[in-house]
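Here is a short briefing on how the chains pack and where the open space lies. Look over the structure, then read the points below.

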Amino acid sequence: MNVLFDYAAGFAAVCFMVSMLIAMVRVFAGPSAQDRVLAFDSAYINGMLTLLVLGLRSSATVYFDLALLIALFGFVSTAAFAKFLLRGEVIEP
Amino acid sequence: MTETVLPAWVAIPAAILLVAGGLLTLIGSIGVLRMRDFYTRMHPPTMGATLGVGCVLIASMFVSSVVLHRLVIHEVVIAVLMILSAPVTAMLLMQAGMSRDKRRPRSEPPPDQS
């Protein structure tokens with residue numbers, strides 16, 4: 001049964017990596033800036049999911065911390081980009 | 001987890017969850033590529049952000065709990081972070097899109113249909 005689980009985890013990791021690549025295509029081809037921010041946020045989440053699946057396959061516990069960090073950074077950077085597009089600056093005095 | 005042998009009642013649901021999460025996220029990403037407008041493009045990635053993350057987190061918690069013989073639920077922190085952050089980013093992006101659409105000069109065509 002380990003083989004089934006390994007193949008399923010490998011398939012999921014490949015799916016998330018392909019999703020990240022497709023999001024990067026939208027980052028480069030998005031006709032407007034908010035398209036690029038949306039696709040970048042999606043790329044962040046797919047990267048976090050790849051790390052989670054890789055952490056399932058190996059027995060190291062550091063992958064969970066990495067995924068949490070990536071989720072945090074993704075949220076903060078998407079919020080900062082969107083605020084900048086909305087207002088022209090990120091933190092208003 | 002390659003040195004421990006997973007029993008079948010663990011491996012099969014975890015494998016189903018992982019494959020389902022991967023496929024749902026892939027479908028959501030293809031949706032981002034194919035939609036023609038910014039506001040419709042915002043919808044498909046939410047499939048990956050909710051269902052994909054949920055499936056992978058449930059599979060990870062299940063497998064870790066069985067392998068380590070104790071309850072492992074600290075991955076729920078990531079789920080709570082996604083629940084708190086996804087509506088905030090969606091609202092900000094939507095407002096940014098609408099204000100940029102209003103600020104665009106009337107001589108320029110709308111930047112969609114790509």
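**Pocket and cores**

Helix 4 of chain B supplies seven residues to the lining of the largest pocket, the largest share. The model is predicted: local features need pLDDT of at least 70, side-chain atom pairs count only at pLDDT 80 or more, and totals for chains, interfaces and linings use all residues. Residues are numbered from 1 along each chain as its sequence is written, chains are lettered from A in the order written, and side-chain values use heavy atoms, without hydrogens and water.

**Largest pocket**
- The space in this pocket is about 450 Å³.
- Its lining has 29 residues; the closest to the centre are Asp41(A), Ile45(A), Pro45(B), Thr46(B) and Ala49(B).
- By class, the lining has 16 nonpolar, 12 polar and one charged residues.

**Largest nonpolar core**
- A nonpolar core joins buried Ala, Val, Leu, Ile, Met, Phe, Trp, Tyr and Cys residues through side-chain atoms within 4.5 Å; buried means under 20% relative accessible area with a 1.4 Å probe, protein chains only.
- The largest core has 29 residues, and Phe5(A), Val53(A), Leu18(B), Val63(B) and Ile78(B) touch the most other members.
- Helix 3 of chain B gives the most to this core, seven residues.
- Beyond its neighbours within four places in sequence, Val53(A) is in contact (heavy atoms within 4.5 Å) with Ala9(A), Ala12(A), Ala13(A), Phe16(A), Leu18(B) and Val56(B).

**Second core**
- A separate core of 11 residues includes Val37(A), Met42(B), Leu92(B) and Leu93(B).

Notes: Buried means under 20% relative accessible area, exposed over 50%, partly exposed in between (1.4 Å probe, protein chains only). Helices (H or I, at least four residues) and strands (E, at least two) are DSSP runs, numbered from the N terminus. On a 1 Å grid over the protein atoms alone, a cavity is a set of points where a 1.4 Å probe fits but cannot get out, and a pocket is an open set with protein on both sides within 12 Å along at least five of seven lines; lining residues have an atom within 4 Å of a point. Grid points are joined across faces, edges and corners, and a volume is the space filled by probe spheres set on the points. Ala, Val, Leu, Ile, Met, Phe, Trp, Tyr, Cys and Pro count as nonpolar, Asp, Glu, Lys and Arg as charged, and the others, Gly among them, as polar.
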